[in-house]
Amino acid sequence: MGKKVIVIGAGVAGLAAAIRLQHDGYQVEIYEKESLPGGKMNRIETGGYKFDLGPTIVMMPELYREIFELCGRNPDDYIPMERLDPMYRVYYSDIPEEPFDISSDLVELAKTIERISEEDMEGFFLYLNEIYKRFMVAKNSIIQRPFRKSRDFYNVAMLKKALKLKTLDTADHFMSKYIKNERLKQMISFQTLYIGISPFKSPSFYTMIPMLQFLYGVWFIKGGMYTMAQSMEKLFKELGGTILYNKSVQEICIQNRKATGIIVDGQNVSADFVVCNADFPYAMKNLVKDHTAKGKYTDKKIDKMKYSCSCFLLYLGMNRKYEEIEHVHHFIFNEDLRKNLHDIFAGNKLTNASFYVYIASKMDASLTPDGKDGLYILMPVSNLATAKYPWNEETIREYRSYILNTLKKIRGFEHIDQEIVTETCITPLDFESKFNAYNGATFGLMPVLAQSNHMRPQSKAKDCEQLYFTGSSTHPGAGVPIVLLSARITAQELIHDDQGIVYDYSGK
Ligand SMILES: Cc1cc2nc3c(=O)[nH]c(=O)nc-3n(C[C@H](O)[C@H](O)[C@H](O)COP(=O)(O)OP(=O)(O)OC[C@H]3O[C@@H](n4cnc5c(N)ncnc54)[C@H](O)[C@@H]3O)c2cc1C
């Protein structure tokens, strides 16, 4: 029998790392505090309506497929996907009657961009050209590899590549060089919010996120995102792995700077290796109790680090289908997006917020009762460390009515408040209590430059053997495809230490 690996957490990264290691011959046991797989890729079910809890937008589908292909499976049997076109619809709240459909077909996209601002068309292609070059550098040399030693980064070849990323520029400043029209610029640069950082603070290379959509598309998995979580759980079990739910791990056992297992339900469970998918800052503070093993990540340092924003979500079961609304993904921008972004990261109560609406039932009618739609509404908000206001009934009521009143101005949603039959909401407090997201920061550590790449927590614990981390707060960062890469790096790091296999990260 192979050596035993305990994985703490069945989030995307935990499941993917567990599958890789089980496939490689290890005997893997996952301990998950919740009762379902997926972590933030969870599902909420109420009155016959099924909602994805967190992630909804599928980008870089090849990374989703990779985990199934690795194990000799046909991904289409597990996560059948369809490309969305248009990818999403954008509404500006001052002109709700004039939405823009964003296609990944360049011919259609060109028409839309010309409609918004013809003079910015050339700049748009220059932006794509520039960011594509940087993406290729990041893809081949940075985001698919670990930085376990400082010389992995501080060497001439790597520094030359890092310089090509031109990381000192912010996303907003970078976009301003190419695009003058404020609406168009916002439509592209706001997407740094997908990883929880403002475009005014984000290193410019994260403007590669919209580029990935424009060039490689946005996809929908039948059944919604949760199908990915269920299918990874299924694959893991088919490979012989064990998954235990409702098991909140209390401690990672460490002896003589080596992880030896975990404590769960007051019992010691031993293992040869521990892989922790619980959010890195939470885990370092609460699960790693051995001070030497914490290394530089003392409790004080964890509190000083910068955290991504959080989200307020409404999941509404509606009494009808919205034929007037054709698409799956919708962004509703407030005309004062700049103030909105400032308020999110300054901790102010939001007055003119932008938000996102996802209607998965447009693609898969089995997610709702016959003839009905379900609306998932996400509003980026401050994390719990930053918010200068409490998350109480009043805040929820205010944000809910702001969202519904804004939506009422959109054709089709005029009577939305009278059409709700089921209603659930999630606040930053839930992200903290349900998934142990530190400060309720839904995307983990904020990807400012000082917390990116080699400066982000790495997979292999620096000061403890046989202990590894995976997930959003570790390198390369947040977002489903990116944490799938984190899981790949983690599995490779463990296999490297255990079996001496050397992976080629030269990016040739
Ligand atoms: C609202 C929202 C929308 C998003 N939208 C998108 C999107 O459209 N596209 C996209 O690509 N990404 C999106 N993301 C980001 C993406 O969902 C995350 O980056 C990714 O799912 C994180 O996976 P993870 O494995 O790192 O962490 P998690 O999902 O947080 O998994 C960690 C797991 O560890 C468990 N755990 C914690 N502590 C313990 C303990 N002590 N014992 C046992 N188990 C424990 C937790 O319960 C959880 O299951 C979104 C996220 C959110 C919240």
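Start with the ligand: the residues in the shell around it divide into 19 nonpolar, 13 polar and 5 charged. Keep in mind during the tour that this is a predicted model.

**Stop 1: the ligand shell.** Which of the 37 residues come nearest? They are Gly9, Gly11, Gly39, Pro55 and Gly471. Now colour the elements that give two or more residues to this shell: α1 (12-23), β14 (310-318) and α16 (480-499).

**Stop 2: the whole protein.** Zoom out and switch to a cartoon view. The protein has 16 helices and 19 strands. Its radius of gyration is 22 Å, close to the 23 Å that the globule rule gives for 508 residues, so the protein is as compact as a globular protein of that length. Turn the view along the principal axes, and the C-alpha atoms fill a box of roughly 65 × 55 × 45 Å. Of the 508 residues, 52% are buried. If you draw the contacts between residues at least 6 apart in sequence, 71% of them join residues at least 24 apart.

**Stop 3: an open sheet.** Next, select β9, β2, β1, β13 and β19. In that order they form an open sheet of 5 strands with parallel pairing. As background, the strands of a sheet pair through backbone hydrogen bonds, either parallel or antiparallel.

**Stop 4: strand β13 and its partners.** Zoom in on β13, which covers residues 273-276.

- On one side, β13 runs parallel to β1 (residues 4-8), and 4 bridges join the two strands.
- Along this pairing, Ile6 stands opposite Val274, and the bridge partner of Val7 is Val275.
- β13 also pairs with β19 (residues 467-469), in the parallel sense and over 3 bridges.
- Here Val275 stands opposite Tyr468.

Now show the side chains of β13. Which residues point one way, and which the other? Phe273 and Val275 point one way, while Val274 and Cys276 point the other way.

Stop 5: Bring back α1, the helix you coloured at the ligand. α1 lies across β1, β2 and β13, and runs at about 165° to β2.

**Stop 6: Glu34.** Follow the chain to the loop between β2 (27-31) and β3 (43-46), where Glu34 is found. Is Glu34 buried or partly exposed? It has 17 other C-beta atoms within 10 Å; because a residue needs 20 or more to count as buried, Glu34 is partly exposed. Leaving aside residues up to four places away in sequence, Glu34 touches Tyr245 and Lys434. For a sense of distance, select Tyr178 as well: Glu34 and Tyr178 are 144 residues apart in sequence and 46 Å apart in space, C-alpha to C-alpha.

Stop 7: Most residues other than glycine have a negative phi, and most peptide bonds are trans.

- The peptide bond from Asp85 to Pro86 is cis, with omega near 0°. Find Pro86 in the loop between β5 (81-84) and β6 (88-92).
- His475 and Pro476 are also joined by a cis peptide bond, with omega about 5°. Pro476 sits in the loop between β19 and α16.
- Asn436 has a positive phi, near 55°. It lies in the loop between α15 (428-435) and β19, and is buried, with 21 other C-beta atoms within 10 Å.
- Asn453 has a positive phi too, near 50°. Its place is in the loop between α15 and β19, and Asn453 is buried, with 23 other C-beta atoms within 10 Å.

Key:
Residues are numbered from 1 along each chain as its sequence is written. This is a predicted model: local features need pLDDT of at least 70, side-chain atom pairs count only at pLDDT 80 or more; totals for chains, interfaces and linings use all residues. A residue is buried if 20 or more other C-beta atoms lie within 10 Å of its own, exposed if 12 or fewer, and partly exposed in between; C-beta atoms are placed from the backbone. Two strands pair if DSSP finds at least two bridges between them. A residue is near a molecule or strand if its C-beta atom, placed from the backbone, lies within 6 Å of it. Ala, Val, Leu, Ile, Met, Phe, Trp, Tyr, Cys and Pro count as nonpolar, Asp, Glu, Lys and Arg as charged, and the others, Gly among them, as polar. Two residues are in contact if their C-beta atoms, placed from the backbone, lie within 7 Å. The radius of gyration is taken over C-alpha atoms; the globule rule is 2.2 Å times the number of residues to the power 0.38. Axes are lines fitted to C-alpha atoms, for helices over the stretch in contact, and angles run from 0 to 180 degrees between N-to-C directions.
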